[in-house]
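User: Please go through this model with me in short questions and answers. I would like the cut-offs stated as the terms come up.

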Amino acid sequence: MTVPSSAGWSRLALVTLAVAGAGAGGWFAVTRAKAPSARGAHAPAHAGTVVTVEVVTPRGGGIDRLCSQPGTVEPFQSADLYAKVSGFLAEQHANIGSRVKKGDVLARIAVPEHEKQVQRDTARVTAAEAKVRQAEAHLNAAASEAKAAEASVALAKVSVRAKAAYRQYREKQLTRIRELAKQQAIEPRVVDEHEDYFLSAQESENEAKESVNAATERAATATAKIAQAKADVEQARAEVGVATAELERSKVLTEFAVIRSPYTGVVTRRTFHVGDFIKSADQGGTPPVLSVERTDLMTVVVQVPDRDVPFVNCGDAVVFKMDAFADAPFETLGVSRCAESEDPTTRTMRTEIDVPNPDGRLRRGMYGRVTLTLQTGAANAVRVPTAAVVSRSGAGKGTVRVVRNDRIQTLPVTLGTDNGVEVEVLAGLTASDGVVIRTSGPVGDGAAVAVAGAKAPDAGH
């Protein structure tokens with residue numbers, strides 16, 4: 001083997017260095033070629049990138065304040081019919097589900113003792129009326145007797161005048177006879193005779209005067225009898241009144257044995273059967289004989305929560321819907337009544353809505369959804385999604401962001417009703433504002449933004 005000289009070693013070292021330099025330069029070139037793509041994949045965005053926003057246009061008109069609550073159907077009128085008297089159920093003309101009209105006889109209780117009492121009281125009334133007629137007859141007799149007494153008084157007075165005239169005549173005759181006797185023209189015995197005639201006439205006159213007094217006394221007695229007869233008539237009539245009242249009471253007690261329907265409706269409960277003994281309500285008869293409900297008009301009861309109570313008024317618009325009749329809501333006339341007071345246990349207020357039920361579709365215990373319109377929205381307000389409100393400061397104040405001239409702007413607004421989906425804006429927005437509801441990234445007030453869905457600018461601009 002030949003050992004190279006020193007000059008050969010120098011040439012070999014130069015060649016080795018040249019090859020190594022070439023390899024290093026190639027690796028550097030390849031590395032620089034790959035670096036840009038790697039930097040492009042991991043480099044941060046440029047500071048001038050525009051944020052994209054989504055906007056909506058406010059809708060015109062305010063939001064009605066609504067209260068939607070379940071409502072329970074109850075009859076407008078219902079009654080539990082109890083027995084007023086105790087006895088056996090003799091007749092029953094209605095059963096559960098029977099359609100009845102006002103005044104219909106539904107049941108009758110047999111109470112024989114009351115029926116007999118009616119007969120006795122009827123007889124008493126008849127006897128009292130007969131006594132009245134008898135007293136009136138006595139009154140008429142007393143009146144006739146009084147008239148006869150008055151006539152006898154008048155006759156006695158006439159007789160007195162006649163007797164007085166005759167006495168005067170006999171007195172004059174006696175005077176003449178005495179004059180003749182003094183002249184001895186007649187015998188003395190004639191004077192005695194005429195004196196007897198005069199005395200007789202005088203006594204007759206006195207007798208006639210006494211007859212007048214007697215007749216006057218009889219007339220006074222007859223007048224007293226008239227007063228007594230009138231009192232007897234009044235007493236007899238009073239007895240008729242008492243007897244009649246007793247009869248009416250007996251009839252009322254007998255009528256209590258008849259149970260009638262208080263209104264047109266349907267029988268919803270029957271407790272007894274014919275032949276059962278029924279105790280009156282005041283003697284411990286707890287279960288009713290029958291129960292009747294009015295069906296042509298029903299009442300929907302709604303419990304309004306505390307937050308809506310101040311806004312409930314009679315006449316407020318109502319929509320009542322039921323799943324069983326989903327084709328259309330029931331016709332109502334609005335809120336009919338409200339309790340004007342909350343239940344301290346539930347903090348709700350009972351509110352009633354009368355619903356016509358001519359076809360009988362509604363029945364007690366059914367329920368549905370009642371929506372009350374408590375307040376109508378402000379006519380000049382606009383509506384935006386609730387999510388568009390950036391902040392709320394109380395007292396109806398808040399802020400929303402809008403896009404004007406492609407820049408974000410925060411506006412103070414006055415808020416109204418918020419139903420959880422939309423909020424009513426009373427002031428601060430116009431119907432042409434684009435209200436921001438979502439952004440692609442953080443953005444400050446006054447920053448330039450791009451509206452999502454807007455037409456991109458031309459490439460030359």
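The questions below cover the overall build, the helix packing and the salt bridges.

Analyst: This is a predicted model, in which local features need pLDDT of at least 70, side-chain atom pairs count only at pLDDT 80 or more, and totals for chains, interfaces and linings use all residues. Residues are numbered from 1 along each chain as its sequence is written, and side-chain values use heavy atoms, with hydrogens and water left out.

User: How many helices and strands does the protein have?
Analyst: Helices (H or I, at least four residues) and strands (E, at least two) are DSSP runs, numbered from the N terminus. Counted that way, the protein has three helices and 24 strands.

User: What percentage of the contacts join residues at least 24 apart?
Analyst: A contact means heavy atoms within 4.5 Å. Taking contacts between residues at least 6 apart in sequence, the share that joins residues at least 24 apart is 76%.

User: Are helices H2 and H3 roughly parallel or roughly antiparallel?
Analyst: Axes are lines fitted to C-alpha atoms, for helices over the stretch in contact, and angles run from 0 to 180 degrees between N-to-C directions. Helix H2 (residues 112-182) packs against helix H3 (residues 188-255) at about 170°, with the axes 5 Å apart. Angles under 35 degrees count as roughly parallel, over 145 as roughly antiparallel, 65 to 115 as roughly perpendicular and the rest as oblique. H2 is therefore, relative to H3, roughly antiparallel.

User: Which arginine forms a salt bridge with glutamate 195?
Analyst: A salt bridge is a side-chain nitrogen of Lys or Arg within 4 Å of a carboxyl oxygen of Asp or Glu. Here the N to O distance is 2.9 Å. Glutamate 195 sits in helix H3 and its partner in helix H2, 17 residues apart. The partner is arginine 178.

User: How far apart in sequence are the parts tied together by glutamate 422 and arginine 59?
Analyst: The two side chains meet in a salt bridge at 2.8 Å, N to O. Glutamate 422 lies in strand E22 (residues 422-427) and arginine 59 in strand E2 (residues 59-60), so the parts they tie together are separated in sequence by 363 residues.

User: Is glutamate 422 buried or exposed?
Analyst: Buried means under 20% relative accessible area, exposed over 50%, and partly exposed in between (1.4 Å probe, protein chains only). Arginine 59, at 43%, counts as partly exposed. Glutamate 422 has a relative accessible area of 15%, so this residue is buried.

User: Which residues are linked in a network of salt bridges?
Analyst: The count of salt bridges comes to 26. The residues linked in a network are Glu74, Arg337, Arg350, Glu352 and Asp354.
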